[in-house]
Amino acid sequence: MKIIGIAAGLHAGSFVNRLLGAAGGELPEDVGFEVWSGLGEMPPYEPGPVPAPVGELTRLILAADAVVVTAPEHSLLPDELIDTLDWLAASGVLAGRLVAVMSASARACGAMWAQAELYKRLQIAGAVVTGAELVILPGRRHFDEDGRLADPVLRAQVRDVIGQLCLAQPAQPVLDEVMEPALDLRGEPARGLREPVLSL
């Protein structure tokens, strides 16, 4: 099994980026994990040729069984993440694919709105979505010097989310039907796919 990680943060040292990297360290040894770091290069969606960052992410997802996304604590999703989801919805590569969403907040329901918006956009793209809002305990040390999870409470929550992902049956997309729209959007919706909803 292979999993692709996407962090909804543009700064390498942000909590959601560190959380994503640490989550990869909790995966079983036989599960491959790769973090996609092209969020800052993602252009707004528009019909026509596929930009290089979109093609790169599409190929990664097509070669993987599942995706993990870490969402920000605040109520708004980054514009770059919205653009990414619009491109993925148009391509159809997320249809039937497992996606786990993890958000973290020190306040009860602090990440609820961002997580709900992310769930909605992923479901519009056809993804099978699971996940949880993680609780960050104030005063705890969350990461060790190697970037691994140091807080046992946070580690248990992360392991629960990725454990569900690894136990689920990966989708088996028909690549002949997915590859063409995924890698060569030409301004016309591909057969059986719908344009992304941009008015959310």
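In this predicted model, helix α4 holds both Arg 121 and Glu 117, which sit four residues apart, about one turn of the helix. The two residues form a salt bridge, and their closest N and O atoms are 2.9 Å apart. Arg 121 has a relative accessibility of 6%; because this value is under 20%, Arg 121 counts as buried.

Glu 117 has a further partner in Lys 120, and the side chains of this pair meet in a salt bridge of 3.5 Å, N to O. Helix α4 covers residues 112-124, and because Glu 117 and Lys 120 are three residues apart in this helix, about one helical turn separates them. Lys 120 is partly exposed, with a relative accessible area of 36%.

A search of the whole structure gives seven salt bridges. Another of these pairs Arg 141 with Glu 145, where the closest N and O atoms are 3.0 Å apart. Here Arg 141 is partly exposed at 47% relative accessibility, while Glu 145 is exposed, with a relative accessible area of 71%.

Apart from neighbours within four places in sequence, Asp 151 is in contact with Arg 140, Arg 141 and His 142. Asp 151 is placed in the loop between β5 (128-135) and α5 (152-167).

Strand β1, made up of residues 2-7, is mostly covered, as five of its six residues are buried. From β1 the chain passes through helix α1 (residues 15-24) to β2, and this β-α-β crossover is right-handed. Strands β1 and β2 (residues 32-36) pair in the parallel sense, over five bridges. Strand β3 (residues 66-71) also runs parallel to β1, and five bridges join these two strands.

Methods:
Residues numbered from 1 in each chain as written. Predicted model: local features only at pLDDT ≥ 70, side-chain atom pairs only at ≥ 80, totals over all residues. Heavy atoms only, no water. Contact = heavy atoms within 4.5 Å. Buried < 20%, exposed > 50% of the residue type's maximum accessible area, 1.4 Å probe, protein only. Pairing = 2+ DSSP bridges. Right-handed = clockwise from strand over helix to strand, strands pointing away. Salt bridge = Lys/Arg side-chain N within 4 Å of Asp/Glu carboxyl O.
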